[in-house]
Amino acid sequence: SRPVLFDTDPGCDDAVAITLALASDDLEVVGLSTAHGNTTVENTTANARSILELVDRTDVPVARGADCPLTVDLETAEHIHGPDGILGDLPEPTAATEPVDAPGAQFIVEQAREHAGDLTLVAIAPLTNVALALALEPDLPELLDELVVMGGAAFGQGNVTPLAEANFHSDPHAAHRVVRDLSPTIVGLDVTRGATFPPDRLPALSRDGQLEWTIRQWLTYYDEEQLARYDIESAAIHDALVVAWLLDDGILEIEPCAMRVGTDNDLARGALVCDARGVTERPPNGYVATAVDTARFRSVLGEGLEFLLQ
Ligand code: BDR
Ligand code: CA
């Protein structure tokens, strides 16, 4: 199975992404590095640990990562994900999930070296840890098999500013370096807004009420205002789309693209700019997802959740 490392800020949609990966035999989750983002890194680290406790996977190592962006001030999103940055009924972390000694960026480098050429890094948080890992290990691009990033709004509207998506807006300088130097595959809001999973599709049969109720909270984390703003029937499970695509590559259409991220502290902050028509004549420096098959996403996520809940 394929080794994957999550860089994450759980986060309701992060939690769905991680549990979907843990439910699959095709992916081997080698660790979780945590970042500031949806809430403080104290909270995202505790949340990551609690998710592992909830699904009984305390064998997966957690590394606590960056507590703030490279340059700009910390911004969090408890108004979307709940006061502690995640919803649901989560167990307290125990000693079994105590974070490893290495900080997040160092842990990413260690895992990339250990799985040289094979590791898929799934970055679903502000990109601070990934940018720091690249600074620690300039050979990171060669050591990774693939870097998939949930971030940006390449062709449409952002969710923090008209141009910027939250992960890129939170640490625009990190996003800029990662997009410029690490040949990522970008799964942005253009496609993740199609990653909805109406909660009535949740398999009803469950032996574990706490897990089922909690997953239901994760799938319904948008309030009425957000559903109306984006004109969607249920919450976008952004980060889970990356994992679903790793499990079924027919879910997304992907195209090579020359890309940059804006860093100015004005309208361009965190804006992912894709040269879709080749006007700059710059060669592609990564890939961007341009279309999503929502029905296929729902069926992959539904199967994973059914497996977890049976
Ligand atoms: C992204 O930002 C976070 O709020 C979510 O967890 C996701 O990674 C969506 O813009
Ligand atoms: Ca996230």
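At what angle do α12 and helix α13 (residues 294–309) pack, and how far apart are their axes? In this predicted model, for which local features need pLDDT of at least 70, side-chain atom pairs count only at pLDDT 80 or more, and totals for chains, interfaces and linings use all residues, the angle is about 90° and the axes lie 10 Å apart. Residues are numbered from 1 along each chain as its sequence is written, while chains are lettered from A and ligands numbered from 1 in the order in which they are written.

Axes are lines fitted to C-alpha atoms, for helices over the stretch in contact, with angles running from 0 to 180 degrees between N-to-C directions. The value makes α12 roughly perpendicular to α13 (65 to 115 degrees; under 35 counts as roughly parallel, over 145 as roughly antiparallel, and the rest as oblique). In this packing, Ala240, Leu241, Ala244 and Leu247 of α12 meet Phe297, Val300 and Leu301 of α13, contact being defined by C-beta atoms, placed from the backbone, within 7 Å. By class, the contact consists of seven nonpolar residues, with no polar and no charged ones (Ala, Val, Leu, Ile, Met, Phe, Trp, Tyr, Cys and Pro are nonpolar; Asp, Glu, Lys and Arg are charged; the others, Gly among them, are polar).

Helix α12 is mostly covered, with nine of its ten residues buried. A residue is buried if 20 or more other C-beta atoms, placed from the backbone, lie within 10 Å of its own, exposed if 12 or fewer do, and partly exposed in between. The buried residues of α12 include His238, Asp239 and Trp245.

The protein chain has 13 helices and ten strands, taken as DSSP runs numbered from the N terminus (helices H or I, at least four residues; strands E, at least two). Of its 310 residues, 52% count as buried. Among contacts between residues at least 6 apart in sequence, 82% join residues at least 24 apart. The C-alpha atoms fill a box of roughly 55 × 45 × 35 Å along the principal axes.

Helix α5 (residues 128–136) is largely enclosed by the rest of the structure, because seven of its nine residues are buried. These are Thr128, Asn129, Val130, Ala131, Leu132, Ala133 and Leu134. Their cover includes the strands β1 (2–8), β2 (27–34) and β4 (119–123), and the helices α4 (104–114), α6 (140–143) and α8 (172–181).

Two loop positions were also examined. Threonine 263, in the loop between β8 (259–261) and β9 (272–274), counts as buried because it has 20 C-beta neighbours inside 10 Å. Its contacts, not counting residues up to four places away in sequence, are Pro172, His173, His176 and Arg269. The C-alpha atoms of threonine 263 and histidine 173 are separated by 5.7 Å, although these residues are 90 apart along the chain. Glycine 156 lies in the loop between β5 (144–150) and α7 and, with 14 C-beta neighbours inside 10 Å, counts as partly exposed. Leaving aside neighbours within four places in sequence, glycine 156 is in contact with Leu189 and Asp190.

Methods: Two residues are in contact if their C-beta atoms, placed from the backbone, lie within 7 Å.
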